[in-house]
Amino acid sequence: MSLKFLVPAVAVVALTSVLSTPASAINSYNATPAPERTEVGALVVQWDNDDNPATPDRIDWMCSGTMVDRDTFLTAAHCTTDWAEGVRFYVSLSQNVQADLDAAALAYPGNPAAQGAAVGVEGIAHNDPAYPGNSADSHDISVVQVPAAALAARWSFTPATLPAAGKLDTLGPRGLEAVPFTVAGYGTQEAKRGPGGQTHPGGGVRMKAPVGFDALNNTWVRLHMTAPQGNGGACYGDSGGPNFAVIDGKLTLVATTITGDGPCYATNVSYRLDAPTARAFVSQFVALP
């Protein structure tokens, strides 16, 4: 799976999970658990990682996402593309998906399909066909459609509220500076330096962190992750996860995490959901405001 691409003026990395070890998520500074964000889920992937049909598939949580109606899980296209043939996707709304995967591995050793069914609900991915686009508009958006009844039988949630067309433009940079933003997801912690170089520990637990407005263009919103200002932010495994903003007094899903700086210290770069491209894609699956 591709791990790097560029957005305007910033070298960034796609925040897809490269780890599957238990601990806290998002980056660790100024982050807290998010059990109340029941609409935020993890994308679990069953995949062939060795091109050997005689060995079992691997199964891991890979990305984050958000339920935007009863059967539509919104995430990033780089999370659901470029997999080997036969890949299967599951959505989990569990608070600790890594613990669930560990338990399923013990209960169903060597049976990744049973493990996937134990931790999530299987769905079908639909990617924006224009992905990967370009630096101006990556079209990095996808949905996984899951059976609504099967998901509701396991988890209770209220779908996220999506923004009206051009809502962030209406507020403008000055207005957005006063808006509370929150990023959520299952991703790893910021980089830690060790003898072998940087590592990103943790992940697999739903967390949230405050972020601050930085910049806006036609398809991207950039958010500060600077600790001294009280902010946290996204890291590996948070791709596709929600960037919420309190707009008109209501928590609104305004963007999805796509990229950021490699150490996960400074910037969260997110794909706007109020922009024409995202709305054109999402409107095929969800009624938009």
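This is a predicted model: local features need pLDDT of at least 70, side-chain atom pairs count only at pLDDT 80 or more; totals for chains, interfaces and linings use all residues.

Visitor: Fine. How many helices and strands does the secondary structure come to?

Guide: The chain has six helices and 17 strands, and among its contacts between residues at least 6 apart in sequence, 73% join residues at least 24 apart.

Visitor: And what share of the residues counts as buried?

Guide: Of the 289 residues, 53% count as buried, while the accessible surface of the chain is about 11300 Å², with 56% of that belonging to carbon and sulfur atoms.

Visitor: Which residues have the most contacts inside the largest nonpolar core?

Guide: That core has 49 residues, and those with the most contacts inside it are L43, V44, M67, L74, I141, L151 and L253. There is also a second, separate core of 23 residues, which includes V179, C235, V254 and C264.

Visitor: Back to I141, then: what is it in contact with, leaving aside neighbours within four places in sequence?

Guide: With those neighbours set aside, I141 contacts L74, T75, A76, A77, N127, D128, Y271, L273, A278, F281 and V282.

Visitor: New topic: where is A99?

Guide: A99 lies in helix α2, which covers residues 97-107, and its C-alpha atom is separated by 8.4 Å from that of V205, a residue 106 places away along the chain.

Visitor: Why does A99 count as partly exposed?

Guide: Because its relative accessibility is 36%, which falls between the 20% limit for buried and the 50% limit for exposed.

Note on methods:
Residues are numbered from 1 along each chain as its sequence is written. Side-chain values use heavy atoms; hydrogens and water are left out. A nonpolar core is a set of buried Ala, Val, Leu, Ile, Met, Phe, Trp, Tyr and Cys residues joined through side-chain atoms within 4.5 Å. Buried means under 20% relative accessible area, exposed over 50%, partly exposed in between (1.4 Å probe, protein chains only). Contact means heavy atoms within 4.5 Å. Helices (H or I, at least four residues) and strands (E, at least two) are DSSP runs, numbered from the N terminus. Accessible areas come from the Shrake-Rupley method with a 1.4 Å probe; for residues, only the protein chains shown count as cover.
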